[in-house]
Amino acid sequence: MSFLAPTAFAFAAAIPIVILFYLLKRRRVVKLVPSTLLWQRFLAETQASAPFQKLRKNWLLVLQLLLLALVILALARPFFAGKTAAGRLIVVILDASASMQSTDESPSRFERARREALDLVNSLHETDQMVVLLAAAHTEVRQSPTSNKTALRRALQSCQPSDTPTRLAEALKIAHPLVKDRRDAEIHLYSDGAAPDLTEFEFEGLNVAYHQVGRRALNVGIISAEARAHPEDARRRAVFASVFNASSNNVSGELELHFDGTFVETRHIELGPRETSPQVFTVSQEKDGVFTLRLDVPDELAADNEVHVASLMPKPVNVLLVTRSGGYLERALRVVPNLNLAVAEDIVDEGATYDIVVIDDVLPSSWPTVNTLTIRSAPTNWVQVTGRVEAPLIVDWKNTHPLLRFVNFDEVQIAEALRVRTPTWAVPLVEASDTPLVLAGEIGRQRVVWIGFDTMQSTWPLRISFPIFVANAVEWLNPASTRSSQAMVRAGDPIRMPLSGSATNAVVQLPDGTKRTVPIDPGVREFAFADTARNGVYKVDTGEGQSWFCVNLLDPAETDTTPKSELRFGRYARALATTLKPANLELWRRLAAAALAVMMFEWWFYHRRTA
Amino acid sequence: MVDTLLSPELLRRLEQLELLARRRAKSSVKGERSSRARGHSVEFADYRSYVAGDDLRYLDWNLYGRLERLFLKLYEEERELPVRIFLDASESMTFGEPVKFDFARQVAAAIGYIALCGFDCVSTVVFPEHESDATLRAALRMVRGRKSALAFLRNLAALTAGGPANLNEALRRGAVEARHAGLAVVISDFLDPAGYEQGLGALIGRGFQVDVIQVLAPEELEPTTFGDLRLVDSETGAQQEVTFGRHRLTAYRQTVEAYVRKLRDFCRARGVSFFLASSATPLDELVLKRLRQAEVVG
């Protein structure tokens, strides 16, 4: 047994004081009696009368000395050492993601994790070093390696949970080089295990102690939300939301929809265990604003109960179709609602007056700078054409991409396509066996959809999927919808917004009302802000105009607060939640409890003695 | 006053009793007690041979007729029994509920009254000496005859108690002062730090038949005050600190029992009758029952 605070033994100086008090005269009731003879004999038979012998068999004194000894021992903080290897390096990773705000632990999972980490600090030996990493969307090094317990405690106390998803892999990647070459290094991970990204992380034999916090999952949350133009009425908006019940009970509650703080609609929802319920609200919208979805269900995590969705008014989109033939493409464009179509054979002003330019197998004299859909435009610097493919066979398409929503490439035959390599700016949406057929991506701030074959030389225009794709493409390329999606980010992700004015500073008002001034680089007409750890609506004031953006959690992994008893690293490795803490087991609480019991017994004994 | 000390009912019953002396009276005064002295009475005792000068009236002529020798008839001379009552009137006797001294002088009055009714001489020694009622005490030193009984009771009732007592000294002195040994009744609480052995020993040595009546207050037998106490001795002023709780009552009782047992054993070993009485004991129970059972009175 060792002592963390051996200086507390100085309080042992109080022991003679207690004895002295016993030797001192007690205030007594004076009583005149006929004779003290019998009393003297009585005392002589029951106790000795010499000063120090008086203390003999004085159980009250013995109890008080025992009490004092226990208190002094407790103050000296004895402990049984768990591991005594000196000079360890301990990396503490504190999960600060949204799910750690769950209140199933008292007061929260994060506070519980912090308390355990502080216990670990208390148990450090003088030669041990510790690093504190705070892992949320990004990992922060809160304390570089040190043995200074005060600095470590301060670092832990300054940590706060955020509304962001967990990226533990990043934290482990930071911890890895620290512990790589040290046999006596340990990683202590305090988390609830809601970390899906760990499967990407190769374990490599790290000495990880996983301290699982969290006892149960009692949570209902909004895991996705979106506001889109109503497919039938451009003036109306469809607000989609998915509500997930992570608990093993049936839950019911209300889902409220507000627009710019004004109540719009409420809906009663009932969810079975681990059930996801899609909800669609159809509302009319007169101006740009923010839809707020608020879930009124009793649960233990508040961070996923409110979602803000930016929604900009749809504007008529001006499309320039550069084509020689028109045909199916023109017809498909004309049925897209709220679209002004102009048809030309060439581009004269880089398409600057249009929102979208569609280039149909034409080589324009100048390339557009606006969002573009280009079909079989070979000599561009966007893609590198390496040849041609005869009758390419479509093998895969990404129907999760917004462009391919409800688009099916079954029974689509293509006569010939350009053979290209997938450029870095784009993702292949439709792929043949040896070349991508449709690419989509962003070049700078310009969105581009590139189709590598002539649609007229395929059976695609005859399929229902073609007009749907065109409509999807117009929606995706529409700068208004781009702005809408740009105004929403996941918690922890940086936001970038284009600026038109010449402001040099932007003042950002955070959801909690605090303000931050962000300098704007005059060379880049863009506002960038990374401190998005809190959910809510952020207001940006550049002095020339106000705008806003929304930050939401929207992470099924965080909403599913079920504590994981094991973490999987990579394909094979896993770390089980440790139940035996390597921290030294301090005894002062037990000693203090014993002291309390002794005190209560002493009180009873004293009254029994004089009653 | 007389009524408060002894009730008329009790007085009437006491009149029927007498002190039973195991020894013959040694007093020189004629009384109703048989004595070793031969004298003139109706109680025949013995014969002896005639010597010249004897009173011819006591010759037994019938015997002379038969044996032709002169014998003198001897008769027992009846003398009085000197009864000496030692009454403790120290400060410690003024305590108790009822007060120990009140009880003690009631006992003294009862025994004295029995003795006076039996034509015995009653000498009451009240100790310690007290200036204020010296006359009363002097009057109690020697009382004879039934006619003095009223004065005896009145004087007893008028006594006051106080001051520190020396039991040994008082008994020893009483033993020395007595012209004739007789019956000695010692009524005290026997709570004298100096002890009682020498005093009682002196009485026994002088030839007294001793009866000891120890009077203790109910509070002394069973204390009712608890807590952290500083006890002050009423006679010596000595202080004693004690922390006393109910759980120690048994230990205290054992102490008292041991003290009483020691006195009783002392008495028993010397043929002394011993009685322990709480001051709350009814007087008639002590006198009419326990003293009769022990054949102190009969």
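# Interface and local features of a two-chain predicted model

The side chains of B:Glu241 and A:Arg28 meet in a salt bridge, 3.4 Å from N to O. A salt bridge here is a side-chain nitrogen of Lys or Arg within 4 Å of a carboxyl oxygen of Asp or Glu. The count between chain B and chain A is one such bridge.

This is a predicted model: local features need pLDDT of at least 70 and side-chain atom pairs count only at pLDDT 80 or more, while totals for chains, interfaces and linings use all residues. Residues are numbered from 1 along each chain as its sequence is written, chains are lettered from A and ligands numbered from 1 in the order in which they are written, and side-chain values use heavy atoms, leaving out hydrogens and water.

## The interface between chain B and chain A

How many residues of each chain are in contact across the interface? On chain B there are 35, and they touch 27 residues of chain A. Contact means heavy atoms within 4.5 Å. Together the two chains bury about 3200 Å², 63% of it on carbon and sulfur atoms. Buried area is the accessible area (1.4 Å probe) that two parts lose on being put together, summed over both. In chain B, the residues that lose the most area to chain A are B:Asp228, B:Arg230 and B:Thr255. Together they account for 18% of what that side buries.

Twelve residue pairs are in polar contact between chain B and chain A, both residues at pLDDT 80 or more. A polar contact is a pair of N or O atoms within 3.5 Å; within protein, one must be able to donate a hydrogen and the other to accept it, and residues adjacent in sequence count only if both atoms are side-chain atoms.

Three elements of chain B each supply at least two residues of the side that touches chain A: strand S8 (227-233), strand S9 (239-244) and helix H10 (249-269). S8(B) gives the most, with seven residues. Helices (H or I, at least four residues) and strands (E, at least two) are DSSP runs, numbered from the N terminus. By class, this side of chain B divides into 15 nonpolar, nine polar and eleven charged residues. Ala, Val, Leu, Ile, Met, Phe, Trp, Tyr, Cys and Pro count as nonpolar, Asp, Glu, Lys and Arg as charged, and the others, Gly among them, as polar.

## Strand pairing

S8(B) also pairs with a strand of chain A. Its partner is strand S2 (residues 29-33) of chain A, in the parallel sense, over five bridges. Two strands pair if DSSP finds at least two bridges between them. A:Lys31 has B:Leu231 as its bridge partner in S8(B). Strands of a sheet pair through backbone hydrogen bonds, either parallel or antiparallel.

Chain B has an open sheet of six strands in the order S5-S4-S3-S6-S7-S10, with mixed pairing. Its edge strands are S5 (143-144) and S10 (273-278), each pairing on one side only. S3(B) and strand S6 (residues 183-188) of chain B pair in the parallel sense over five bridges. There, B:Leu87 has B:Ile187 as its bridge partner in S6(B).

## Backbone geometry in loops

| Feature | Value | Loop position |
|---|---|---|
| A:Ser106 to A:Pro107, cis | omega near -5 degrees | A:Pro107: between strand S4 (89-95) and helix H4 (109-122) of chain A |
| B:Glu97 to B:Pro98, cis | omega about 0 degrees | B:Pro98: between strand S3 (82-88) and helix H4 (100-117) of chain B |

B:Glu68 counts as exposed because its relative accessibility is 64%. B:Phe119, at 41%, counts as partly exposed. Buried means under 20% relative accessible area, exposed over 50%, partly exposed in between (1.4 Å probe, protein chains only).

## Chain A

Chain A has eleven helices and 35 strands. Of its 611 residues, 49% count as buried. Among contacts in chain A with a separation of 6 or more, 68% come from residues 24 or more positions apart.

A:Ile468 sits in helix H8 (residues 465-477) of chain A. Which residues does A:Ile468 contact, leaving aside its neighbours within four places in sequence? They are A:Arg405, A:Phe406 and A:Val407. The C-alpha atoms of A:Ile468 and A:Asn408 are separated by 9.6 Å, and the two residues are 60 apart along the chain. A:Ile468 is partly exposed, with a relative accessible area of 26%.
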